[in-house]
Each structure stands twice: as C-alpha cells, then as structure tokens.
Amino acid sequence: MADSFGCLFLWYTAFIALAASVSSAEEPGHCVWYGECGHERGLKQNCWYNGTAKPLYDDHALGILKEYCPHLAPNGVKHPKLCCNGSQIVTLSTSLSLPKQIISRCPSCYRNFLNIYCDFTCSPTHSKFLKVKATNLIGQPVYVTKVKYYLTPDFANGLFNSCKDVQMPSNNQKALDILCGTDAAHCTPTKWLNYMGDTNIDPNVPFDIDFNISSEVTDEVTPMNVTIKPCNKPADNTSNACSCQDCLDSCGSSAATPVQPLPWEIFYRTEELIIKPVNSTPWYRKDLLTSKGMYFGAVFQKEILYQVLDLQDRIKAITAWDGETSTNVTLQDICFQPLSPDNKHCSVMTVLNYYQNNRTMLDKVHMDIFNISAEADYIDHFMYCSRAPMSVQDTTLLHTSCLADWGGPIMPWVALGGFDGDNYQNATALVVSFIVNNHIDPAKNRRALLWETEFIKFMKSYWNPDLNIAFTSELGPYRKSEQFKSISEAHLLERI
C-alpha cells in the first residue's frame, strides 16, 4: 500500500510540474528544459525545467554555439543566456554532423536547417513556441519525452524551398531523398518535419516532436519565425549563394557559386565493382531469438564478405607513381572525403560500410547472459541498417552505428544489386563504388588518371575463384567473367 501511494505521489508531483510548465509558458523568457538527464533508446534526454534562461560559462560550448547558432551568441555577449547548457550544445553539434555533410554544400539551406534545432535546443524564449506534452512522469529526474513545436508557414515553407533542390552527387540523389523519409519528388514541408519528429520513423530522433505549422499568435503561443535565407542569397557575409545545381533560383544569379547544373559524373569520378559469388545459392538463416527464419542471397555469407573486404583494402593500397612530382599517388590523395578535415576516410559506397569497413565490427556478436548462444550478429545489423541507413545506433542488441567510416549513410539500393522491391536480403550482387574527386579542368585530373590506370592493371590481374567481378573506371568498363551475365542485364548495363 505504501509503495502504491509513493508511486502515485511521484506521478502526481510530476503531473503538477508538467501542468505548471504549460502555465509558465505564457511568460516570456522561460525554458521548457535545461541540461541532460536520462536516456531513451540509448539517446540523451533533456531535463524538464520551468525557469528562466541561464548564462553559458562553458567556453568550448560557446565556440560551438557561435559556429552553429551565431544568432544566439552575438558578438560582445560573453555569457549569453540560454535554455541549454554546455553538454546539450555538444550533443546538438554531434547530431548535426550527418546533415552537415548532406546539405552544407548549399549554405542557405544549411543555415535554415540549423536554425530549427538551434532555437529548439537553446532559445532563451522556449516557452513561446515549445510546449511540453509528456515527460517520463514516474521517476527522478524528470525529462521531456514529447513536445509540440510551433513554426510559422513562412519558416516551414522557406526552409523546404531553400533545400528542395540540393543534390548529393556522390549518391546521384537529392538530399531530401535521405532527409525526408520519402523520395524528394513526394516530399513536402509537412512530410519533412513529421519525419524529423517521429521516433517511430527516424531512430535518430531522441523524443517525439510534434511540429505544428501555424501563423496564429495567441497569449500562449508565438510560433518560431527566424528569418529565412533564400537559397539564391548568401547565408552570411562569409558565404556564397547556393549553386545553380542546388538552387534553381540561383541559375543566372551573380551571387551564386559558379557551378552549372551538369550531370553528377562531372563532379565525381567513380571506380566501381559489381561482385557476384560463383556459388550463388541462397542460404537459410534462422533468427537468433525466434524459431523463424528467411533466405539470404549468397553475397551475405560471411566468408564472401571477408573476401570483398580484403579486396577493398587491397584497392585502397594501390599506388601510382607521379613522375612530375616524384611522389606516389594513393586513393587517399584523390578520393572524395565529405567530412574532411575532421574525417579523412574516403567515400566508399559498400554494404561493408554498415560495419565501418572493419572486420572486428563485422564479427561483433551479442551473446546471452550465459555466453552460450548468440542473440544478435552482422545479419541482424544489416537488416536494421538497410531500413534505417542514417541511424547512429541500431535497435538490435549490438547497438552499433549504420553510418559509414566516412560519416555518411549507405543506401542499400546503391550498394546492392539483383534484389526485388525492397527485399535487400535477396540481393545477388554487391556493388562497391570508390568516389574520386573530379575537375572540369583536365589538368587537375592528372593524378586521378595515374591512379585509375594502376587500378585497372590491378583489377585485370586480380583473380578469386569464389567471385565473378565486373568493374568500371572513368577510363572504361571491364568484365572479369562471362558468367557474370547471370546478373540481370538491365542491372549490369545500369551500372556500367
């Protein structure tokens, strides 16, 4: 009885606190959270807080804030008052690393996108546009599990319009193909915001965010309406407008970066392998936690993956001699590194990058408490990542990242071939693409050409009794085995 009363009292106390947060929201300058406490699905949660903004004394966090959210850290203000502390700012910067490499090529789009989360995380006037809808209720400390976020139509539509044409040349896709949860052609401002706020759809969302697009101002609500930067205008005085390729309104604009809307191959060179096991018999894999199972393509046999990983490593080790500079040229010297200088890994589109191209990660297994039976392995991780390639932590018992070693997502339809619909486990081929920087000026491609020549020599001499391989370089397509015709001709032609 006492235990029941205690639980009821805690629930009642939390309920009263939650109700108080709604009433306090009518007053300007209040927060709905401050600091981090608790975890949901392995993600940090924000502590419920019903008080005024606090000064930031963390110099490291202030530096991050000035980079990502300069309007919240104006020059001359040494300790800006915010509804976030240093740890929340660090978490914010970490969560923005993937969008940064996807959309930062268009500065205005990126700036508008940042403003959603800058104000969401740290604005000193949270209570004007954020309403707490749920907390963990039972337990201490109390943290927020659902909010309603009010945005004006001008902001929501302006954000969408500034980003809708941004390209991802390395994937031959639009950015919204990845960020919207649907293909870019069917994305809308509402669909995009809903995707970014739904924990059931996007595993990277720490808690549910109910975005509400409204221009109505009441005593309790003033929708967030940070000034939008159109994509054909510079984001600030240190950037250019977005290129014509990423913003149709920039075409013909003198403010835009001088890039024309050319095919994506102009901007990146691609060295690609299409690999099919000689023994292409599907295999039956029983689920580790249930009695159910399913068939998988032969490409998912771990021994095949080991051999492909070894081949990738050998290609990365290829060197070419540059007689003009008397230096060796490696893939590292010419490859596309989207997160450089922070991350120097080359962009390699391969299913093995669900395991960060690391054999230890591929071999990772979660055992039961008796250390007798495996409960999760590389197949469980693949099944999760092929559905949620942007996830920084899968929901299997492995709890490992789906992101590639170079920091971005691997789309299953890019790294696999021969599957039906979205049944990626039925794939009959692995597709490995090494993305190399390209230049419109042919002279600047000299070192890439030297390396590609050695790449072709290596692949022509490479032999593996277990693999049939077709490969292509910017210098031309090649087929290692006529048996490779067993892959659908349409898919092969599409790739080479």
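Visitor: Hi! How many helices and strands does the secondary structure of the protein come to?

Guide: Hello! This is a predicted model, and its secondary structure comes to 15 helices and 21 strands.

Visitor: And what share of the residues is buried?

Guide: Of the 496 residues of the protein, 52% count as buried. As for the contacts with a separation of 6 or more, 63% of them link residues 24 or more positions apart.

Visitor: Where is confidence highest, and where is it lowest?

Guide: Helix 9, residues 302–316, comes out highest with a mean pLDDT of 98, and helix 15, residues 489–495, comes out lowest with a mean of 36. For the protein, the average pLDDT is 84, and 85% of the residues score at least 70.

Visitor: Which stretches have pLDDT under 50?

Guide: Residues 1–27 are below 50, and that stretch has 26 contacts in the model beyond near neighbours in sequence. Residues 480–496 also stay under 50, with 40 contacts beyond four places in sequence. A word of caution here: where pLDDT is low, the predicted coordinates should not be read in detail.

Visitor: How do the lining residues divide into nonpolar, polar and charged?

Guide: There are 19 nonpolar, 10 polar and 3 charged residues in the lining of the largest pocket.

Visitor: You mentioned strand 2. Where is Q45 placed?

Guide: Q45 sits in strand 2, which covers residues 43–48.

Visitor: Is Q45 buried or exposed, and why?

Guide: Q45 is buried, because its relative accessible area is 0%. Leaving aside neighbours within four places in sequence, Q45 is in contact with G35, E36, C37, G38, H39, E40, Y143, V144, P206 and F207.

Visitor: What does the side chain of Q45 reach?

Guide: It reaches the backbone oxygen of P206, at 3.0 Å. P206 is also one of the residues closest to the centre of the largest pocket. As for W33, 12 residues from Q45 along the chain, the two C-alpha atoms are separated by 9.7 Å.

Visitor: Now helix 6. Which of its residues are buried?

Guide: In helix 6, residues 153–163, the buried ones are F155, A156, G158, L159, F160, S162 and C163. What covers them includes helix 5, strand 6 (144–151), helix 7 (175–179), helix 8 and strand 9 (208–213).

Visitor: Moving on to loops, where is T400 found?

Guide: T400 is in the loop between helix 12 (378–385) and helix 13 (412–415). T400 counts as buried because its relative accessibility is 7%, under the 20% cut-off. Not counting residues up to four places away in sequence, T400 touches M361, K364, H381, V392, Q393 and D394.

Visitor: And what is phi of S326 near?

Guide: Phi of S326 is near 55°, a positive value in a residue other than glycine. S326 lies in the loop between strand 13 (319–322) and strand 14 (327–330), and S326 is partly exposed, with a relative accessible area of 47%.

Visitor: What about phi of Q356?

Guide: Phi of Q356 is near 55°, a positive value in a residue other than glycine. Q356 is in the loop between strand 15 (348–349) and helix 11 (359–362).

Key:
Residues numbered from 1 in each chain as written. Predicted model: local features only at pLDDT ≥ 70, side-chain atom pairs only at ≥ 80, totals over all residues. Heavy atoms only, no water. Helix = DSSP H or I, 4+ residues; strand = E, 2+ residues; numbered from the N terminus. Buried < 20%, exposed > 50% of the residue type's maximum accessible area, 1.4 Å probe, protein only. Contact = heavy atoms within 4.5 Å. Polar contact = N/O pair within 3.5 Å; in protein donor to acceptor, adjacent residues only side chain to side chain. 1 Å grid on protein atoms, 1.4 Å probe; cavity = no way out; pocket = protein on both sides within 12 Å on 5 of 7 lines; lining within 4 Å. Nonpolar A, V, L, I, M, F, W, Y, C, P; charged D, E, K, R; others polar. pLDDT = per-residue confidence, 0-100.
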